[in-house]
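Here is a short report for a reader meeting this structure for the first time. Please look over the sequence and the model before reading on.

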Amino acid sequence: MRKLITYGIIISIFGGSTFILTKNWKDILILFAESLNQYGFFLACSIAFYLLLLRNKFHFWENFLHEFTHLVFAVLLLDKIRQFFVSETSGEVVLNSSHKNLLISLSPYFFPLIPLTAILLLNNRTGFNTIFVACTFGFYFGRNINQTIRYKKEITEFPLMGILFIILMNFWMALFILS
């Protein structure tokens, strides 16, 4: 059942993306460019701020958020959690299932938990709130860069498919959050 849900989601995302991008690719790129034009400065500044000043100060919170995102996706995909462990140097979510799941393994690299939570909590996407969401999304990208360097093993478990999936999902998340 879990495999069916996972493959259904992955096929829907790739298939839906292919369909949407072939039909409306010009409109989507224009919307993406307008969003980057409007919030690109805040996005770039927050990524640089995170990578230059914060990345060595929040290892525990980085690991917690990383592992918590694994946990959220495991629960959403009906997997049972046996252990959740986080420290400043590492973290781990131990699941009942023995097989690797692309969505659970790669979720921290494509699902911006804090920016999406900020959108849900703020509910008003005007002025300061939108800039705040853009900055949290910038921190998410900074964290992704930092963690991609530290957790290469998770990404290399699903070589080409995983990388394509991460790129595609980050494009859609950026489009959703910044528009």
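## Basis

This is a predicted model: local features need pLDDT of at least 70, side-chain atom pairs count only at pLDDT 80 or more, and totals for chains, interfaces and linings use all residues. Residues are numbered from 1 along each chain as its sequence is written, and side-chain values use heavy atoms, without hydrogens and water.

## Helices α3 and α7

Helix α3 spans residues 102–110 and helix α7 residues 159–178. Helices are DSSP runs of H or I, at least four residues; strands are runs of E, at least two. The axes of α3 and α7, lines fitted to C-alpha atoms over the stretch in contact, come within 10 Å and cross at roughly 45 degrees.

Contact means heavy atoms within 4.5 Å. On α3, the contact residues include Leu102, Leu106 and Phe110. On α7, they include Phe165, Met169 and Met173.

## The nonpolar core

The largest nonpolar core has 33 residues. Such a core joins buried Ala, Val, Leu, Ile, Met, Phe, Trp, Tyr and Cys residues through side-chain atoms within 4.5 Å; buried means under 20% relative accessible area. The largest share, seven residues, comes from α7.

Phe137 is among the residues with the most contacts inside this core. Leaving out residues up to four places away in sequence, Phe137 touches Leu43, Pro112, Pro115, Met173, Ala174, Ile177 and Leu178.

## Leu78

Leu78 lies in the loop between α2 and β1. Its phi is near 65 degrees, a positive value in a residue other than glycine. Leu78 has 52% relative accessibility, so it counts as exposed (over 50%, with a 1.4 Å probe and protein chains only).

Key
Axes fitted to C-alpha atoms, helices over the stretch in contact; angles between N-to-C directions.
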